[in-house]
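Dear colleague,

I am passing on the structure we spoke about, and I would be glad if you could look it over alongside the notes below.

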Amino acid sequence: MAECVRLDSSTSSHTMDKSITLPPDEIFRNLENAKRFAIDIGGSLTKLAYYSTVQHKVAKVRSFDHSTKEAASDKLYEISVQEEVTARLHFIKFENAYIETCLDFIKDHLVNTETKVIKATGGGAHKFKELIERKLGLKVDKEDEMTCLIKGCNFVLRNIPHEAFVYAKHADSEFRFQTTQPDIFPYLLVNIGSGVSIVKVESEDKFERIGGSSIGGGTFWGLGALLTKTKRFDELLQLASKGQHTSVDMLVKDIYGGSYGSLGLTGDLIASSFGKSATADKEFSKEDMAKSLLHMISNDIGQLACLYAKLHNLSRVYFGGFFIRGHPVTMHTITYSINFFTKGEVQALFLRHEGYLGAIGAFLKGAEEDNPNQYSWGENYAGSSGLMSVSPDMNPMQRARSGTFDMLEMDRLERQLVNLPLLQDASSYIPDTMDLTEDALAREYWLYCFEEALDGVVKRAVASQPDMPEASERAEKFRQKYRHKLQTLRQQPFAYGSLTVRSLLDTREHCLNEFNFPDPYSKIKQKENDMALKYYQKAVKSLEELSWEERQFALVRGVLAGNVFDWGAKAVSDVLESDPEFGFEEAKRQLEERPWLVDSYDQWLERLKGPPHKCALFFVDNSGVDIILGVMPFVRELLSRGTEVVLASNSGPALNDVTNGELQILTEKIAAMDPVIQAGLREDRLMLVQSGSSSPCLDLSRLDKVLAMVVRERQTDLVIIEGMGRAIHTNYYAMLSCESLKMAVIKNSWLADRLGGKLFSVVFKYEVPAEKPSQHSAALTPS
């Protein structure tokens with residue numbers, strides 16, 4: 001959220017001052033490059049959408065041509081920072097009282113737009129049509145409200161992994177986020193505005209309104225105003241949150257003295273809404289009447305939704321509309337009602353960006369010629385407000401609702417992302433091993449960890465751009481932005497969905513990119529790659545001198561030792577900073593002896609005595625020693641066995657993880673000195689593919705479509721996942737339909753202690769889908 005700064009301090013607290021100063025860097029970002037607009041105007045809130053082209057820096061690597069003068073450099077490749085243009089969607093939500101000021105601001109800062117039309121939806125689109133056309137000089141083209149709503153809903157469900165959530169008022173975490181389904185259809189959307197519309201959605205363009213009711217949010221607001229004399233909707237909900245409906249409602253026990261057992265009715269069920277007001281000779285409080293009214297409306301809507309869900313055999317029911325709008329009290333009553341009428345068989349689902357659906361849909365209608373649905377999009381945490389609780393009890397940082405702006409930004413991704421075809425059940429796959437939203441101790445530790453690491457990240461960012469004098473200033477802005485994000489997440493851990501180590505890492509990467517630090521570890525990676533290559537032939541020669549069984553163990557120890565070289569782990573980065581001579585052999589000595597914390601090595605060895613795998617998909621981790629001296633000899637052995645290998649590396653930089661661009665150059669260099677690798681490349685038995693990720697962790701439900709195609713075509717029957725981020729923070733419990741091998745060294749003492757191990761404990765987890773997990777591996781559980 002971004003605050004507005006008032007200019008007139010004499011304004012009464014009950015009158016909204018429209019003369020505000022808007023911080024453009026925080027709200028209408030990149031407006032000078034806006035290309036297309038859409039607007040959704042409701043009864044009290046305006047949602048503006050626009051598309052912009054964003055110019056930002058990207059790190060590129062290029063191999064030196066050693067046949068020319070460039071050969072004077074002893075470096076393997078050169079690093080350059082280049083400008084790249086990408087597409088971004090911006091969505092801003094603000095109160096209608098600010099609409100004129102915001103339109104003036106847009107008009108003053110609009111530079112490069114070529115559009116002549118603004119798509120509009122919502123009940124206020126007609127009311128403000130003349131104002132919009134006069135201020136912006138754009139023709140208002142009104143779109144059907146329900147069509148926009150459905151298009152927007154489909155878009156967020158498809159592109160934002162933790163979009164839908166269940167609300168649990170009394171749980172440790174009030175928001176329980178749901179796994180994104182591979183197929184989002186069919187579903188029921190219950191839109192509660194003034195009335196209620198119930199819509200069955202079967203595909204991107206096929207939906208129908210199957211029912212509804214005139215008893216909706218407008219009924220609650222209207223009757224509430226008559227009963228309490230309170231005119232503002234939010235104030236009415238505030239009254240309801242403090243009320244006791246049992247003072248006004250007649251319960252089953254008020255009639256029968258207890259429960260009605262033969263009908264299965266408990267004593268505390270409402271038998272008659274407002275039933276006591278007809279007989280009791282007393283005044284009822286505004287709070288109690290508001291609460292009773294809220295229950296009455298919610299129960300009616302809940303029962304109606306359940307009946308339609310059963311009639312059409314739908315298990316996914318999403319609720320939206322201004323009646324919901326993220327209010328805990330309305331979400332709780334709807335949830336209770338759905339749970340009661342379906343006996344827990346159907347969950348009430350709410351959407352993190354429910355307020356933006358109309359604006360998103362209107363924008364998509366106007367952008368149909370560009371076919372935005374052919375791309376994958378990702379939420380930019382650096383420019384998005386996140387979900388904010390409006391309950392004062394839940395959020396002491398909550399600012400006054402008037403004068404605040406919510407933002408959502410979505411970046412178009414270079415690669416179309418899909419599920420890994422080898423997931424055993426994509427609908428139940430959860431990438432993250434630990435949910436920090438629900439684990440307060442873990443949450444506090446990791447937030448502290450990331451805050452403590454900030455100085456090191458800033459230092460690294462500045463050092464990566466020695467020729468840019470303004471780098472220090474940008475790095476300081478990054479520090480402030482990311483620290484603010486951490487402070488927000490401490491108060492609102494659910495702001496961007498389930499809080500995990502992965503989301504903290506990704507937020508940091510987004511903030512670094514925001515201030516043009518595309519690859520802070522580029523020079524470290526370059527140096528470590530150059531150094532490790534010098535030892536490659538020696539490492540391979542020593543392995544070839546071993547017996548077959550000794551070699552298999554040495555190869556595994558090599559991968560594990562290589563994985564120690566992780567600049568994302570403080571315990572390791574401190575060693576690497578203080579002791580530049582720390583090398584591969586030293587890392588091997590740091591590893592714990594067998595039996596390891598999780599140890600399936602014997603089963604793996606037995607499997608290797610059998611026929612070779614057809615194709616292995618290997619998700620790699622770090623640059624330098626890890627990829628060159630650890631992974632490549634392991635890959636070499638697989639190729640020698642007759643197994644094809646697909647190496648999947650990051651599309652973009654994250655920490656010191658090897659990128660696809662770097663891996664292409666490294667593999668060519670290794671092939672020049674290793675005939676096994678060279679033959680693998682020449683015969684197309686060794687293939688390098690982008691993962692589609694720019695994260696130190698791994699989400700197997702959002703992978704490059706090309707990688708998924710290769711996995712299918714090559715009939716992959718082994719998946720290897722390496723590293724703490726990819727195999728422990730994520731995917732430890734991932735179930736695959738083929739054999740899998742997860743290898744990692746635990747380089748964080750707190751996590752090691754939590755998992756019953758110690759620093760540099762080893763996880764070697766080999767799984768076969770035909771067996772139960774308990775038969776061949778241990779689970780990581782807190783000791």
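Predicted model: local features only at pLDDT ≥ 70, side-chain atom pairs only at ≥ 80, totals over all residues.

I began with strand β17, which covers residues 347-351 and is mostly covered, with 4 of its 5 residues buried. Strand β16 (residues 316-320) runs parallel to β17 and is joined to it by 4 bridges, and among the pairs between them Tyr318 has Leu349 as its bridge partner. Strand β9 (residues 164-167) pairs with β17 in the antiparallel sense, over 2 bridges, and here Ala164 stands opposite Leu351. Together with helix α8 (residues 328-342), β16 and β17 make up a β-α-β unit that is right-handed.

I then turned to helix α10 (residues 440-452), whose 13 residues should span 18 Å at 1.5 Å a residue, and the end C-alpha atoms do lie 18 Å apart, which agrees. Its buried residues are Ala442, Arg443, Tyr445, Trp446, Leu447 and Phe450, and the helices against which these buried residues pack include α11 (454-463), α12 (471-491) and α13 (501-514).

The last item is Asp519, which is placed in the loop between α13 and α14 (522-533). Because its relative accessibility is 6%, below the 20% cut-off, Asp519 counts as buried. Its side chain makes a polar contact with the side chain of Lys525, at 3.1 Å, and, leaving aside neighbours within four places in sequence, Asp519 is also in contact with residues including Ala59, Ser464, Pro653, Leu655 and Glu662.

With best wishes

Notes:
Residues numbered from 1 in each chain as written. Heavy atoms only, no water. Buried < 20%, exposed > 50% of the residue type's maximum accessible area, 1.4 Å probe, protein only. Pairing = 2+ DSSP bridges. Right-handed = clockwise from strand over helix to strand, strands pointing away. Expected span 1.5 Å × (residues − 1). Contact = heavy atoms within 4.5 Å. Polar contact = N/O pair within 3.5 Å; in protein donor to acceptor, adjacent residues only side chain to side chain.
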